[in-house]
Amino acid sequence: MTPLVLRAGRVSALVERRTAVASAALVAAALALGLLGLCYGAEWATPGEVLAAFAGRGDSSVVILEWRLPRVTAALLFGAALGVAGAVFQNLTRNALGSPDIIGLDAGAYTGALLATVLLSGGAGALAAGSIAGGLLAATAVYLLSWKSGINGLRLIVIGIAVNAILTAVNSWIVLRAELEVAMAMAGWSAGSLNGVGWDDLGPGIAVLALLFLLMAVLAPATHQSVLGDEFAVSTGVGLNVLRPLVVLVGVGCTATVTAVAGPIVFVALAAPQIGRRLAGAAGVPFVPAALTGAVLLLAADLAAQMLLAPTSLPVGVMTTAVGGSYFIWLLFKETKKS
Amino acid sequence: MKSRLSVRNLTLAYGERVISSGLTFDVPDGAFTAIVGANACGKSTLLRSFVRLLSPAEGAVLFDGEDVSRTRPKALARKIGFLPQSADAPENILVRQLVARGRYPHQGFLSAWSPEDERAVTEAMAAANVADLADRRVEDLSGGQRQRVWVAMVLAQETPYLLLDEPTTYLDLAHQYQLLSLFARLRDEGRTVIAVLHDINQACRYADHLIAMKSGAVVAEGPPSEIVTAPLIEKVFDLPNLVVPDPHTGTPMIVPTV
């Protein structure tokens, strides 16, 4: 199948048809699920009422715009961020297991957020800063521990799994040592949850993620080029020493921003890039399908978490763990058999 | 001798381990240069320093008088193309997609597929004889086909200089000669080809200029017919031998006498 050639003046791009179709389908799915999310609640709203609420009319506009819309927005945006973070590390490690939640970056970001809460008893700013610092420290630790005259993708992943286990234990320990009130708040959050997310919690996250997505869009061609191996990457003009730290920053930044607001939501970053890649029939691990798949997955998981035991709303992380865990075991089995 | 690529007082090292020191020579423009020598004599290391895969411990590699380690990465990649010994193809990639990756140094964020890119990829696939494989997945190809796809990718880069690190390894005899003939044709069309070759007889047959290395140093350089003698080959490869004219081309041919 010939790809689509888009040209206007000096601006040009090449898009594979299947990638375009898959992306459009994912956007449609995200919109449909988004509408469902706005309709669903203790009281169902009709799509007509939702539209009326957007137009500023109707009785349920507060419920829809102030309660449900931030939650749907958070699910879509955070899902996309996790998809991008997963694609970043899967491209860097050239391995489907290389995902921030597997190699301990979510756990590290959460450690940072916990320490910020317990030690600094800080607000959203301290939480976000702690989360990003924790994620970066975990990434640095994993990188240094797996360095052995170069970086091997699988070695990095195995060490990352160990770091993840250690940090998860540390996190439990911090929660146990914390004061009761703090500990209870943390425990609800530790599985990764979008319950009660409002616009106030989201604002800074939206701004940070928009910047990170923009940066990733600029870095994406070089990142895909670097997957050809260091030799081809350098000889075709990729500045690897500048690219790698920036790409890691995007990956950690996406993970940590989500963790700061919603806690560690695992397995979306692992699964979304691979599902997106297969849907798009694309080479390597492309970012746009990864982001769109992540958005659809997290929103679907969050809706399921709300509906399953309604009116009790489960943390969305419980859903992603239940479904993603089985995928992880299958992948682990497949990858270790390959090498 | 005209030369755009030259090496000045070049010392190459991996950490403390010095591979070559004080190398100085010019690569002739528009010629096929072959670098030969025993295993681990520093020939691949030398080639890697031309494309900044290794920064010199001392001295410099100059292109048009400019130190390559100070040239902007994409600007250098529009002048010198490099075919490494091994490379990774992303999973699921099609031949035309991989060849298009050679256009990376010519592309910008907004101009990701110009008519120039399209023409260069089409021509490169035709030159490397992979046009009929365009829509095949790279992982489904045979080793020989795959090597031609990588060559096409480097050709799509459209650089006046072409560096090849043992391009014929893993290929059967017929494919080896096909590939070398392709490089000779590119030389005839005006490109400068620099190849690390294992087979000294192939090097003598195809190269205009030979650089013989031993333990990181250049022991002889010049046209094969002028420099290749039995004592030189014995010195470079530690192999007693006879040099006779190749019955087909008349170029020097080495016959081991062990």
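**View 1. Helices α5(A) and α10(A) cross in a right-handed sense.** This predicted model shows α5 of chain A, residues 124–146, passing α10 of chain A, residues 240–262. Their axes come within 8 Å and cross at roughly 135 degrees. The two helices are therefore oblique to each other. From α5(A), the contact uses A:L127, A:A128, A:S131, A:I132, A:G135, A:L136 and A:A139. Facing them in α10(A) are A:V248, A:V252, A:G253, A:T255, A:A256, A:T257, A:T259 and A:A260. What classes of residue make up the contact of α5(A) with α10(A)? Nine are nonpolar and six are polar, with no charged residues.

**View 2. Chain A holds 13 helices and two strands.** The radius of gyration of chain A is 20 Å, close to the 20 Å that the globule rule gives for 339 residues. Chain A is therefore as compact as a globular protein of that length. Along the principal axes, its C-alpha atoms fill a box of roughly 60 × 55 × 35 Å.

**View 3. Strands β1(A) and β2(A) form a hairpin.** Strand β1 of chain A covers residues 4–8, and β2 of chain A covers residues 11–15. They pair in the antiparallel sense over five bridges. A:A8 stands opposite A:V11 in β2(A). Two residues lie between the strands. In the turn, A:G9 has a positive phi of about 60 degrees.

**View 4. Chain B has nine helices and 12 strands.** Its radius of gyration is 19 Å, close to the 18 Å that the globule rule gives for 258 residues. Chain B is therefore as compact as a globular protein of that length. The box filled by the C-alpha atoms of chain B is roughly 55 × 40 × 35 Å, taken along the principal axes.

**View 5. Four strands of chain B form an open sheet.** The order is β2-β1-β4-β5, with antiparallel pairing. Which strands of chain B stand at the edges? They are β2 (17–27) and β5 (66–67). Each has a single partner strand, so one side of each is left without a neighbour in the sheet. Two bridges join β5(B) to β4(B), residues 58–63. Here B:F63 stands opposite B:E66 in β5(B). Helix α1 of chain B, residues 43–50, packs on the sheet. This helix touches β1 (5–14), β2 and β4 of chain B. The direction of α1(B) makes about 115 degrees with that of β1(B).

**View 6. Six strands of chain B form an open sheet with mixed pairing.** The order is β6-β7-β8-β3-β9-β10. At the edges, β6 and β10 (217–222) of chain B each have a single partner strand, so one side of each is left without a neighbour in the sheet. The twist averages 15 degrees from one strand to the next. Strands β7 (residues 161–165) and β8 (residues 192–196) of chain B pair in the parallel sense over five bridges. B:D165 stands opposite B:V196 in β8(B). Helix α9 of chain B, residues 230–237, packs on the sheet and touches β3 (32–37), β9 (209–214) and β10 of chain B. Its direction makes about 45 degrees with that of β9(B).

**View 7. Chain B meets chain A.** The contact joins 29 residues of chain B with 24 residues of chain A. On the chain B side, α2 (73–77) and β6 (80–83) each supply at least two residues. Helix α2(B) gives the most, with four. By class, the chain B side divides into 17 nonpolar, seven polar and five charged residues.

Terms used. Residues numbered from 1 in each chain as written. Chains lettered and ligands numbered in written order. Predicted model: local features only at pLDDT ≥ 70, side-chain atom pairs only at ≥ 80, totals over all residues. Pairing = 2+ DSSP bridges. Contact = placed C-beta atoms within 7 Å. Axes fitted to C-alpha atoms, helices over the stretch in contact; angles between N-to-C directions. Nonpolar A, V, L, I, M, F, W, Y, C, P; charged D, E, K, R; others polar. Parallel < 35°, antiparallel > 145°, perpendicular 65-115°, else oblique. Left-handed = near helix turned anticlockwise from the far one by under 90°. Rg over C-alpha atoms; globule rule 2.2 N^0.38 Å.
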